[in-house]
Amino acid sequence: MALTLPIDASKLNWTIALKAAGLATLILSLGLVFNLDIALTATLGVVAAGLSDSPDFYQHRRQSTLLMAFSFTLASVSVTLLFPWPWLFALGLFSSTYLFMRMPVLGQKYGAISLCSLIIAIYTMLGYSTYANPWQQPLWLVIGALSYALLSLLINALYPTRWLDKQLDQIFRQISLYQLTKTRLFQRESNINDIQVKLTAQSADIAEQLGVIRHGLYVYQQRNKQQVGSSQMDRFFKAQLLHERLSSSHLDYQRLQKVLPRTLLAETRTVLVKIARVIGANKVNSEVEEELNLAIDDIERSRANLKDVPPRFAYMLKNLKKVTALCFHEQHFPEPEQKFSPFRAISLKQYFQQLFDFSLSVNRHALRMATIMLVAYGMIQGVGDEHAYWLMLSCLLVVKPNYHDTKKRVDKRVYGTIIGVILAAGLSFLALPDLVTTALLPGLVLLFFLFFHVNYAISVAVITIFVAMSLDIQGYPANEALAVRTIVTIIGALMALTAMRYLWPDWQHKQSRKIISQLFTNIAAYQRAIFEQYFNQSAEESTEFRLSRYHAYQSEAELVRHWQHMLAEPSAKQRLSPELYQLVGLSHHLLSHLSALSTHRSQLQSSQAAQSLAALGERFQDELIVMHDYLLLKSAQRPSLSLQHDTLMRSINQLLPQLVGNELLIAYQLQLIGKDLKEIRQLLLNGKW
């Protein structure tokens with residue numbers, strides 16, 4: 001069940017949770033003295049503001065605060081103004097939902113604040129009859145939200161890099177977990193295919209987290225434009241380099257398990273585990289570095305006395321030494337003033353120009369959301385129960401742009417609501433005094449934010465208890481409201497899944513060709529950057545090289561997520577899932593082999609070999625471009641995929657006599673890359689693209 005899934009405590013959002021719970025404690029304490037209804041309303045404003053909290057909020061702090069105040073006020077006042085006139089209210093609901101749901105195209109901050117403005121609007125509907133003068137409610141909702149915003153700005157000014165530091169700690173823990181998973185490949189009778197699938201998914205998680213951190217660095221740099229470089233930026237580049245090095249050690253594990261003695265497999269696994277622990281540790285002991293290097297040297301001596309050991313195992317041992325050095329020594333990267341670009345965003349003018357362009361998925365999602373909200377409002381008008389407005393909140397929070405995320409949210413919201421109702425009924429049976437009930441509410445706010453992004457089902461259960469307790473304090477029959485909440489949650493879940501299936505759905509198979517072609521483009525750019533450094537006999541972590549590597553791994557992560565999302569869709573929409581499964585594996589192999597080639601770029605000594613290698617790089621790039629065009633163009637315009645693999649392999653073989661010693665590792669990686677490209681090309685030819 002969703003409530004019992006293992007929870008990673010490091011992902012709990014203590015910063016937002018403590019801010020919201022602290023404010024709730026202060027506001028509710030004042031409410032006990034003055035007016036508890038007003039305090040509960042202000043607390044809901046705090047909750048909405050906490051949900052809109054994002055790194056973008058702190059880039060232009062004054063602008064963000066004014067935007068939140070304006071959006072929340074507009075949403076709450078509009079509801080209060082139009083609530084007595086259902087037809088005008090329905091028109092305003094539809095149009096405002098459509099406009100607000102399009103706001104993410106302007107940036108993350110705008111999307112978060114707009115979504116929470118709709119939440120504020122629903123809170124206003126729920127509390128409309130609480131006040132003799134309903135115009136009081138918008139005031140206290142906005143005051144609660146602004147109190148959270150001002151507290152957040154103060155804390156951010158005191159600790160500007162706290163969020164970034166936490167995210168960087170998290171990325172090193174993820175890389176550590178990736179390395180720990182890899183140790184299982186050196187255990188006999190392990191299921192190598194299953195482990196490699198898990199490694200691919202973990203690599204995608206790392207790439208996505210690097211994307212989040214990269215955007216956070218951009219926001220931080222925009223606020224500190226005079227600052228050149230930072231320790232956070234160095235840690236980010238270090239994480240990228242570790243990810244590349246660890247993923248580059250891609251071996252024939254089945255053969256290794258057969259040719260390596262059990263003792264050597266065990267020793268290798270022990271070293272890998274120790275390195276994983278060092279990567280994830282906050283502090284490292286310098287004595288451990290020497291111990292690890294000695295252990296790696298012992299494995300290398302044992303390997304040298306064995307026959308039939310794949311040459312890439314020797315490379316892996318050298319690579320482990322470099323990984324160990326990365327872990328124990330500070331890394332200073334060139335061009336620390338590198339400016340990061342923001343996520344794609346458009347101007348306000350473009351926002352309105354694209355208002356009715358329904359070829360855009362964001363517009364179709366906004367239209368779907370507006371339609372659902374309108375239908376939900378019509379159903380509520382037919383029922384006439386004020387608690388039924390929870391139906392609109394359920395729809396708003398569970399309907400996501402794709403079927404996978406929506407289905408996941410639906411399951412967790414239903415489970416969480418049912419468990420929350422049961423627990424709330426038990427607490428109601430205890431008939432706790434109002435003072436005790438009020439004292440428990442900040443704790444519920446704390447739990448709600450701690451688990452919102454980690455386990456949504458727990459957050460739903462907690463907020464359900466919060467609602468029940470609030471109603472008890474206000475003197476409303478909580479049991480009746482909880483029964484209505486359970487019913488509307490189930491109805492909302494059915495509405496969400498129905499809408500995702502029949503209202504302008506964006507099935508994953510429609511995006512497959514675009515996502516894969518973009519992957520080929522980014523891998524080609526990464527490959528070009530690698531071969532240019534070979535040609536220039538350089539191993540510098542330049543801006544162009546770092547960005548090409550970053551985008552290649554981001555594209556691989558997008559392909560993995562694309563395949564995973566397709567698996568949640570109806571079976572009739574999964575016709576490409578077998579091919580995507582194979583492509584995920586092949587693209588991971590290709591990127592791993594390219595990463596290994598990247599880590600060898602200091603090995604090449606011959607200028608003649610560098611020229612031959614550059615020509616070979618052009619062949620690889622041409623093949624990737626052809627595969628890109630094959631997917632994007634219509635059938636009649638598609639280029640032929642009949643590039644000769646034998647010709648490619650002959651070019652690689654012609655390079656071999658020019659390579660000696662450690663340079664032969666380069667030739668070995670080139671052969672593997674050629675094999676990967678052949679298999680990907682064959683998959684494209686045989687698939688249902």
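In which hand does helix 1 pass helix 18? Helix 1 passes helix 18 in a right-handed crossing, where right-handed means that the near helix is turned clockwise from the far one by less than a right angle, and left-handed that it is turned anticlockwise.

## Basis of the model

This is a predicted model, in which local features need pLDDT of at least 70 and side-chain atom pairs count only at pLDDT 80 or more, whereas totals for chains, interfaces and linings use all residues. Residues are numbered from 1 along each chain as its sequence is written, and side-chain values use heavy atoms, with hydrogens and water left out.

## Packing of helix 1 with helix 18

Helices are DSSP runs (H or I, at least four residues) numbered from the N terminus. Helix 1 and helix 18 (residues 434–451) have axes 7 Å apart and pack at an angle of about 160 degrees; axes are lines fitted to C-alpha atoms over the stretch in contact, and angles run from 0 to 180 degrees between N-to-C directions. Helix 1 is therefore roughly antiparallel to helix 18, a term for angles over 145 degrees.

Contact means heavy atoms within 4.5 Å. On the side of helix 1, the contributing residues include W14, L18, T25 and L32; on the side of helix 18, they include L435, T438, P442 and F449. The residues of this contact divide into 16 nonpolar, two polar and no charged. Nonpolar here covers Ala, Val, Leu, Ile, Met, Phe, Trp, Tyr, Cys and Pro; charged covers Asp, Glu, Lys and Arg; the others, Gly among them, count as polar.

## Packing of helix 5 with helix 16

The axes of helix 5 (residues 108–126) and helix 16 (residues 390–398) come within 9 Å and cross at roughly 165 degrees, so the two helices are roughly antiparallel to each other. The crossing of helix 5 and helix 16 is left-handed.

In helix 5, L115, L118, I119, I122, Y123, M125 and L126 meet W390, M392, L393, L396 and L397 of helix 16. This contact comprises 12 nonpolar residues, with no polar and no charged ones.

## Salt bridges

Side chains of opposite charge can pair when their charged atoms come close. A salt bridge is counted when a side-chain nitrogen of Lys or Arg lies within 4 Å of a carboxyl oxygen of Asp or Glu, and the count comes to 13 salt bridges. One of them joins D53 and K19 at 3.1 Å, N to O. D53 lies in the loop between helix 2 (36–51) and helix 3 (61–82), K19 in helix 1 (residues 14–33), 34 residues apart. Both D53 and K19 are buried (under 20% relative accessible area, with exposed over 50% and partly exposed in between; 1.4 Å probe, protein chains only).

R368 and D506 form a salt bridge at 4.0 Å, N to O. R368 belongs to helix 15 (residues 361–383) and D506 to the loop between helix 20 (478–502) and helix 21 (512–535), so the pair ties together parts 138 residues apart in sequence. R368 is buried at 0% relative accessible area, and D506 is buried at 13%.

E300 and R303 meet at 2.7 Å, N to O. Three residues apart in helix 12 (residues 286–304), E300 and R303 are separated by about one helical turn. E300 is partly exposed at 28% relative accessibility, whereas R303, at 18%, is buried.

## Surroundings of V142

V142 is found in helix 6 (residues 136–158) and is buried, with a relative accessible area of 10%. Not counting residues up to four places away in sequence, V142 touches A69, F72 and T73. V142 and F72 are 70 residues apart in sequence and 6.3 Å apart in space, C-alpha to C-alpha.

Key: Angles under 35 degrees count as roughly parallel, over 145 as roughly antiparallel, 65 to 115 as roughly perpendicular and the rest as oblique.
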